[in-house]
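The following account leads the reader through a protein structure, beginning with a single residue and ending with the chain as a whole.

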Amino acid sequence: MTTAREFNFDGLVGPSHNYAGLSFGNVASFNNVKSVSNPKQAALQGLEKMRVLASRSFAQALLPPHHRPNFRLLRNIGFGGSDAEVIARAHKEAPAILACAYSASPMWTANACTVSPCADTADARTHFTVANLNNKLHRSYEHVQTGRTLRAVFGDEAHFVVHEALPSTPAFGDEGAANHTRLCANHGAPGVEMFVYGRVEFDPNAPAPRRFPARQTLEASQAVARLHGLDGRRTVYAQQAPETIDCGVFHNDVIAVGSGNVLFYHQNAFLDEKSVLDQLRQALAATGTSLQPVRVDAAEVSLADAVSSYLFNSQLLSRPDGKMALVVPQECRENQAVARYLQGLVASGGPIDELISFDLRQSMRNGGGPACLRLRVVLTEAEAVAMHQGVIMTDALHARLVAWVEKHYRDRLAPDDLADPALADEIHATLDELTTILGLPGLYEFQR
């Protein structure tokens, strides 16, 4: 058995972080539409989370923001002229689309791709499939830069395979690792990969939500599993409960999180809870381990409280002593029902015996908690050496990035500020400097 560690690649919040309410189905995003954001605070909050977890010896790295505004999007739909003219006309004629072009949503790297470690794949390499995110305009262009970034960080083809995004059509709606969970005896052992989907494209009689869109299809999940060469005996497909999606659970990571052999989930997470648990138990048994489900009953934490606090949009981190820490947003401590539940959880003698909380309010107000901000990548020792080292979080890198944010980021960004052509120039210069800090020259195409 190969020794491996789980790295968490957090998204570095970009300088255009703003509240445009672009994500229908994401309750927090809609509730804060057109309010004033603080990009500097958002980035510093994310960096503090990375620093603290790295200081606890959890493997921590980052993925950089995307270049903004997305001039390719704006020019593709008919806004021509100089950069300043493009921005001015878009602000006048289509301010919502200009907001899409400025979106900082790549900060939520749980949507960047789906990852299968080498212990699970047919060719014993770690596979990445870039998510197409085709359900939302502001995210549908991300796959181009995400692919460039992943190839820059994981460029050694002896160890890594980066697949292009699936066809950008509703049949293959793919939202990445936010709908994917890997369970295993330990990170280096063969695992069970669970893909959670919201609807079935080619079965008109299959259950589906009625109020909010189901962003992940069964067909997309099956395609990713094929691309990664997964063993069908250790692959599980589970459908989200449609009613739960209609309550604002737009991704599975808003209602369930798993790590090791532990699945922490709400009783309303899945359409057929018993079937999902039975399949996971059977698949895990074949790997020599047993499932440890941690079920949260609706009587203890209502679905509304789970969504508003982002209890399940947390990180489960394995400690060397075999126990687990649960990384939660500060909102979990402020919600009476959730705080009471968590107090009982850590005292229960179960696998989760520690809480770590962070103030991530800037991200939370846009609908992204601790789990949204990170992409889990299991790496062997050889793979960890083979990846680009400049993105691994250290005290020195943290200090450089804090200074960079303090120097370049605005502490106030209102909707009308997106019309300021100086903002685009600021972002260009800011990200150009970042490529030097991270040692990633040529990372951006800088389409202008």
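A contact is defined here as heavy atoms within 4.5 Å. The structure is a predicted model, in which local features need pLDDT of at least 70 and side-chain atom pairs count only at pLDDT 80 or more, whereas totals for chains, interfaces and linings use all residues. Residues are numbered from 1 along each chain as its sequence is written, and side-chain values use heavy atoms, with hydrogens and water left out.

Leaving aside residues up to four places away in sequence, His-163 touches His-127, Phe-128, Thr-129, Val-130, Arg-151, Leu-227 and His-228. His-163 belongs to strand E5, which covers residues 160–163; strands (E, at least two residues) and helices (H or I, at least four) are DSSP runs, numbered from the N terminus. The relative accessible area of His-163 is 16%, so this residue is buried; buried means under 20%, exposed over 50% and partly exposed in between, with a 1.4 Å probe and protein chains only. A polar atom of the His-163 side chain lies 3.4 Å from the backbone oxygen of Leu-227.

The protein as a whole contains 17 helices and 15 strands. Of its 448 residues, 60% are buried. Among contacts with a separation of 6 or more, 77% join residues 24 or more positions apart.

Along the principal axes, the C-alpha atoms fill a box of roughly 60 × 45 × 45 Å.

Definitions and conventions
Polar contact = N/O pair within 3.5 Å; in protein donor to acceptor, adjacent residues only side chain to side chain.
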